[in-house]
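Please walk through the structure shown here, taking helix packing to begin with, then aromatic rings, and finally a few individual residues.

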Amino acid sequence: MSNTAPAQVKTGVVGAGSWGTALAHLLASKGLAPCLWAYEEEICQQIEKQAENQIYLPGVPLAPGIAVSNDLDSVVAGKDIVVMVVPSHLVRDVSAKMAAIIDPSTIVVSASKGIENKTHLTMTGVLAETLGAVVPMEHITVLSGPSFAREVGMNIPTVVSVAAENQAIAEHLQQVFASPVFRVYTNNDVIGVELCGAIKNIIAIAAGVSDGLGLGLNTRAAMITRGLAEIRRLGMALGADPHTFAGLAGVGDLILTCTGNLSRNYTVGKKLGEGQKLADILGEMRMVAEGVKTAKSVYNLSANRGVEMPICNEMYHILYEDLPPKDAVFRLMTRDLKHEIDAEVTGGRL
């Protein structure tokens, strides 16, 4: 496999946080000369003059060839591929602005992870509403998997999944993003891949809470395992492929986010378990911990769908109702006893 991609593929990356910057670096390292949209002028200046995003990806030298700008039109117009990497709560506003300038042939890759609070839509659902009149649905795709931005920026071997309804589009994106240090698998389960990427952040907060309380490795392993069961449960209710949850976007990303100290969501949970208040924790962070907002979406979505998600529910109560973390653990441990495998998975045969 070559480390280069056809130079005629024009790419834009919308969002210069840690992940957007890392993806722009990846594309630039393949000679694609990506355009990167940064909201902050200071980030534009840092990347232009020092080849580094000192705010969101400090200490990581960026590949040459990134054209950074805070002009959204110039980053999106005329591109073959546009990667959406703004925080999930900003996707609707930013993509609505893109609708007037994006080319109908553009493939949009969602790399933002979350579920919108008011609509309970995943990010491709939001993109379908804002861009659907211009861009065909099969051009709205997802990139997800176990991938800390810092490690991608440092060229540490990483493996992810790209999901698209159209297999030819998935394979095209696979070739565009893949490199000797960034392996890409294809998947056709867009909703499943998205749900995994969004909900794993809530479970990561739970894992952090467990560690912050000093409960040990047994408890954290239980949080991860039963958290995966909750993700699968909601995913199947929404039509996802059950095999997705055992893959990179599912268990792979879940393990990474629940155990890695680079995880913002895990860090929020750990500090909550140690007794800090959420407002103080978030006040000290410049980057977004997506699981906090997603916890509200999943709490309401699961209730509307009648899907049981006890860990996610308890995280909602901790985050939004100041439930003491120890009380949440007690409530989880003293729930009614039941069979481990959901009837939905076995077809009702327990």
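In which kind of crossing, left-handed or right-handed, does α14 pass α15? In this model, which is predicted, α14 passes α15 in a right-handed crossing. Two packed helices are described by the angle between their axes and the distance between the axes. For helix α14, residues 310–321, and helix α15, residues 325–333, the axes come within 10 Å and cross at roughly 160 degrees. Because angles over 145 degrees count as roughly antiparallel, α14 and α15 are roughly antiparallel to each other. The contact is made by P310, I311, E314, H317 and I318 on the α14 side, which meet P325, A328, R331 and L332 of α15. By residue class, this contact of α14 with α15 divides into six nonpolar, one polar and two charged residues.

Helix α14 also packs against helix α9, residues 217–237, with the axes 8 Å apart and an angle of about 100 degrees between them. Since angles of 65 to 115 degrees count as roughly perpendicular, α9 and α14 are therefore described as roughly perpendicular to each other. Here M223, R226, G227, E230 and R233 of α9 meet P310, I311 and C312 of α14. The residues of this contact of α9 with α14 comprise four nonpolar, one polar and three charged.

In one of them, W37 and Y39 have ring centres 6.4 Å apart and ring planes at 70 degrees, so the pair is edge-to-face.

Because Y299 lies in helix α13, residues 290–305, and Y316 in helix α14, the pair ties together parts that are 17 residues apart in sequence. Y299 is partly exposed, with a relative accessible area of 24%, while Y316 counts as buried at 13% relative accessibility. Together with Y320, the residues Y299 and Y316 form one aromatic cluster.

Some individual residues remain. S110 is found in strand β5, which covers residues 107–110, and at 2% relative accessibility S110 counts as buried. If neighbours within four places in sequence are left aside, S110 is in contact with M84, M123, T124, L127, T141, V142, L143 and E194.

Where does the backbone show a positive phi in a residue other than glycine? A51 is one such place, with phi near 55 degrees, and A51 is found in the loop between α2 (41–50) and β3 (67–69). With a relative accessible area of 30%, A51 is partly exposed. N155, although not a glycine, likewise has a positive phi, of about 65 degrees, and its place is in the loop between α6 (149–153) and β7 (158–163). At 40% relative accessibility, N155 also counts as partly exposed.

Technical notes:
Residues numbered from 1 in each chain as written. Predicted model: local features only at pLDDT ≥ 70, side-chain atom pairs only at ≥ 80, totals over all residues. Heavy atoms only, no water. Axes fitted to C-alpha atoms, helices over the stretch in contact; angles between N-to-C directions. Helix = DSSP H or I, 4+ residues; strand = E, 2+ residues; numbered from the N terminus. Parallel < 35°, antiparallel > 145°, perpendicular 65-115°, else oblique. Left-handed = near helix turned anticlockwise from the far one by under 90°. Contact = heavy atoms within 4.5 Å. Nonpolar A, V, L, I, M, F, W, Y, C, P; charged D, E, K, R; others polar. Phe/Tyr/Trp six-rings, centres within 6.5 Å; stacked < 30°, edge-to-face > 60°. Buried < 20%, exposed > 50% of the residue type's maximum accessible area, 1.4 Å probe, protein only.
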